[in-house]
Amino acid sequence: MSDYAALPQIESEGLARIHSTTSVDELAGVETDLTGRGSVLVDLQRQLGSLPADERKDAGRQLNATRTALTSALADRRAILEVAARATQLEAERLDLTEIASGPRRGHLHLVTQTRDRLEDVFIGMGYTVSEGPEVESDWRNFQALNIPFAHPARSNHDTLYLDYGDAETVLVRTHTSPVQVRVMQTQEPPIYSVMPGRVYRKDTPDARHNATFNQIEGLVVDRGITFGDLAGTIETFTKAYFGPDIESRLRPAYFPFTEPSAEFEVTCSICRGSGCRTCSQTGWIELGGCGMVHPNVLSTCGIDPEEWSGFAFGFGIDRLAQMRHGIADMRILLDNDVRFARQF
Ligand code: DAH
């Protein structure tokens, strides 16, 4: 049998190999084997010239037929495999366009900042202005001008953080917002109706009701004929505006060197509704701040004549107000930076 007689077998075996391929790469290998430079077909093509003329024509025709059969089968198979490969790739890279992309979540102000804004709104609605002072303050404004001289026992309530600046114990991070009262009285003529929110610092051990860093809102009114009744009415109005009608508040006699008489302002503990719990130390009440009639010494130290003017002042813990309004059992969570907490407000 001449080599050309093997062509039908070469063709049928070649077709079987082509059909059994499963990838474009595999097919390329088979194509090289069947029709490439080292293939039997190319060998036979080369040998054609050495055949006797009468056989050459026939052999050439058979050779062409086989090559055509194989190359068209290769093309068909390639088309099929390419479609399959494309389908696999599409499936792998598929985008589910019905999926709803949530996009980046927008943040919002921290609860304490929201509370501060809300409190400012309540007081602006009552005709007050908003004033601010620095967090680093002089011992004079933080204590002395408020009738708290050196060695006064009231200082020991303020676990003070002094700064290593100037003479020893003359500069501190303010322990309350009351020094802003001094700044306001020194720079403004009465009548004064102002609130002063801001951050304060104490060398305090955190617990359910305390953080070493917290916020207060100070209030100051200086006008003619101001009485304790004005103070009580203002606090009552503020409490209803901020907490709504359900929360009860009370004033209890207290002592602050810069007010006389002085009172503590308390509300029903919103965690236990007054029955006593860990947050309120089993008392049923939470102290939100102090208040009183501005002491004449403070007025005159700040250049205001106590014979002509009188006034009241108050200072509330903003964090505590937020704690009671939103029923937060432990104050420490306000500074934990846990978004699961922060997102709730
Ligand atoms: N500054 C006081 C404190 O932090 C609170 C306070 C009490 C402020 C009485 C006042 C006031 O304005 O009149 O403990």
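These legends describe close-up views of a predicted model.

Residues are numbered from 1 along each chain as its sequence is written, and side-chain values use heavy atoms, leaving out hydrogens and water. In this predicted model, local features need pLDDT of at least 70 and side-chain atom pairs count only at pLDDT 80 or more, while totals for chains, interfaces and linings use all residues.

**View 1. An open sheet of 7 strands has mixed pairing.** The strand order is β1-β5-β6-β10-β9-β8-β7. β1 (129-130) and β7 stand at the edges with a single partner strand each, so one side of each has no neighbour in the sheet. Helix α5 (residues 111-125) packs on the sheet and touches β1, β5, β6 and β10 (310-317); the direction of α5 makes about 170° with that of β5. Helix α8 (residues 228-243) also packs on the sheet, where it touches β7, β8, β9 and β10, and its direction makes about 20° with that of β8. Helices (H or I, at least four residues) and strands (E, at least two) are DSSP runs, numbered from the N terminus. Two strands pair if DSSP finds at least two bridges between them. Contact means heavy atoms within 4.5 Å. Axes are lines fitted to C-alpha atoms, for helices over the stretch in contact, and angles run from 0 to 180 degrees between N-to-C directions.

**View 2. Strand β8 (residues 259-268) is mostly covered.** Of its 10 residues, 8 are buried (under 20% relative accessible area; exposed is over 50%, and partly exposed is in between, with a 1.4 Å probe and protein chains only). β7 (residues 249-256) runs antiparallel to β8 and is joined to it by 7 bridges. A hairpin of 2 residues connects β7 to β8, and Phe256 has Thr259 as its bridge partner in β8. β8 also pairs with β9 (residues 285-294), antiparallel, over 8 bridges; Ser262 has Gly292 as its partner in β9.

**View 3. Helix α7 (residues 178-187) is largely enclosed by the rest of the structure.** Buried residues make up 7 of its 10, among them Pro179, Val182 and Met185. Their cover includes β2 (136-138), α6 (139-142), β5, β6, α9 (296-301) and β10.

View 4. A salt bridge is a side-chain nitrogen of Lys or Arg within 4 Å of a carboxyl oxygen of Asp or Glu. Glu120 counts as buried at 15% relative accessibility, whereas Arg116 is partly exposed at 22%.

View 5. Arg224 and Glu308 meet at 2.4 Å, N to O. Asp330 and Arg278 meet at 3.7 Å, N to O. Asp330 counts as buried at 18% relative accessibility, while Arg278 counts as exposed at 54%.
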